[in-house]
Amino acid sequence: MKKKNVLKSNYPYLPQLKEKPSELRQDMVSQDWVVIATGRARRPHFFKSQTRTKFSLPKSKCPFDNLKQAGNPEPIAIYKAPHGQNWFIQVLPNKFPAFSYGVCPVVKKSGPYSWLEGVGFHEVIVTKDHDRQIAKFSDEEMNLVLRAYQERYLALKNDPCTEYVLIFHNHGFEAGASIPHPHSQLVGMPVAPPDVVNSLRGSQRYLKQHKACVHCAMIKWELKFKKRIVAENDTAVAFCPFASRRAFEIRVFPKNHSSHFELISEKERLGFAQVLRKALKSLFGGLNDPAYNFFIHTTPTKQKDRHYHWHLEILPVTSTWGGVEFGTGIEISTITPEEAAKYLRKF
Ligand SMILES: [Zn+2]
Ligand SMILES: [Zn+2]
């Protein structure tokens, strides 16, 4: 007999809705649940017309157009434009770092609490053009950005104090960008972050049960199912995950199993750059330049295990957290990932 969760006497007059307003989906890696609002799902155009905070800064006041005058430290690396003599990317130490270089910290106690000094690295990866966001880049330019990520990662991964190197990019005010001039950031931190630990644990759990990579299984399914694919080529694929935490979430994967981002080959990097650029372009066109964050999840620097499948996650800011999200950690996506991907493929 099917269980009913509410005594009928509580709701004697309420008819049972045939179509439920939402469904819960479980992420096969983290095993976290998300809510997909199917019944009251929004149309794609709702997201396109969401109002965004105007976020601009005149070039004359931009710290990345006036690198020296703004008191930025000397660049760590400079990359020239693919077909020019001018610089295209400069990597600088962050003037206001979250972590700074020093002696490897040890865990200290404060009563029942534990704490560590914020030792690590914090770099900014600045692209030259004040107004040209990376969704507008060519494949070659996107590839150069990924090359800068890779080379800085390789330079820092053997630091004895660093447990994890996070590479991320914030675009737009709602996504927490502090300066509108396009830039990415790289943070080396002395602990492995909880989201990465969870994802690794999920990958390990699946490996134990199925003797296979959880992300390879997901990619294989998505390539066959096709409905959530946003972009793909020979080497990479972008899709809206089955258990999307947010409307229009996209994840980009190398198609072949690869555990460490920094070991990507030149050919794979170019293929990945093409798919990433296409995904960002479709968000730009489809949602009218939304704010977003993207970041790379990869095997932590000191781990030699090869079961994890590195990838890049793009989270457009299409909603804000309310009581449900803060109270449960469960996010509500107000469009299905199938509908989101179908719409994004048009741009
Ligand atoms: Zn600028
Ligand atoms: Zn894999």
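Trainee: Does the length of H2 fit its residue count, or what span should its 18 residues have?
Mentor: At 1.5 Å a residue, the 18 residues of H2 should span 26 Å, and its end C-alpha atoms are 26 Å apart, which agrees. The expected span is 1.5 Å times one less than the number of residues. Helices here are DSSP runs of H or I with at least four residues, strands are E runs of at least two, and both are numbered from the N terminus.

Trainee: Before we go on, what sort of model is this, and how are things numbered?
Mentor: It's a predicted model, where local features need pLDDT of at least 70 and side-chain atom pairs count only at pLDDT 80 or more, while totals for chains, interfaces and linings use all residues. Residues are numbered from 1 along each chain as its sequence is written, chains are lettered from A and ligands numbered from 1 in the order in which they are written, and side-chain values use heavy atoms, with hydrogens and water left out.

Trainee: OK, back to H2. Which of its residues are buried?
Mentor: Glu141, Met142, Asn143, Leu144, Val145, Leu146, Ala148, Tyr149, Gln150, Arg152, Tyr153 and Leu156. Buried means under 20% relative accessible area, exposed means over 50%, and partly exposed is in between, with a 1.4 Å probe and protein chains only.

Trainee: And how do H2 and H5 cross?
Mentor: Their axes come within 8 Å and cross at roughly 115°. Axes are lines fitted to C-alpha atoms, for helices over the stretch in contact, and angles run from 0 to 180 degrees between N-to-C directions. The crossing is right-handed. That label goes with a near helix turned clockwise from the far one, while anticlockwise by less than a right angle is left-handed.

Trainee: Which residues meet there?
Mentor: From H2, Asp139, Met142, Asn143, Leu146, Arg147 and Gln150; from H5, Arg269, Leu270, Phe272, Ala273, Gln274, Leu276 and Arg277. Contact means heavy atoms within 4.5 Å.

Trainee: Is arginine 277 buried or exposed?
Mentor: Arginine 277 counts as buried, at 17% relative accessibility. Not counting residues up to four places away in sequence, arginine 277 touches Ile134, Phe137, Ser138, Asp139 and Met142.

Trainee: What about the length of H5?
Mentor: Its 22 residues should span 32 Å, and the end C-alpha atoms are 31 Å apart, which agrees. H5 is followed by asparagine 288, whose phi is positive, near 60°.

Trainee: New topic: metals. What holds the zinc ion (ligand 1)?
Mentor: The protein donors are Cys62 (SG), Asp65 (OD), His130 (ND1) and His181 (ND1), lying 1.8 to 2.2 Å from the ion. Donors are N, O and S atoms within 2.8 Å of the metal (3.2 Å for Na, K and Ca), and water is not among the atoms, so sites may look incomplete.

Trainee: Why call the arrangement tetrahedral?
Mentor: Because the four donor atoms subtend angles of 100 to 117°. Four donors count as tetrahedral if all angles lie between 85 and 135 degrees; four count as square planar and six as octahedral if opposite donors are over 155 degrees apart and all others between 65 and 115; anything else is irregular.

Trainee: Which parts of the chain do aspartate 65 and histidine 130 tie together?
Mentor: Aspartate 65 sits in the loop between helix H1 (44–48) and strand S3 (77–80), and histidine 130 in the loop between strand S7 (121–127) and helix H2 (139–156), so the pair ties together parts 65 residues apart in sequence. Aspartate 65 is partly exposed at 29%, whereas histidine 130 is buried at 8%.

Trainee: How about phenylalanine 248, buried or exposed?
Mentor: Buried, at 1% relative accessibility. Phenylalanine 248 also has a positive phi, near 70°, and is found in the loop between strand S11 (236–239) and strand S12 (250–254).
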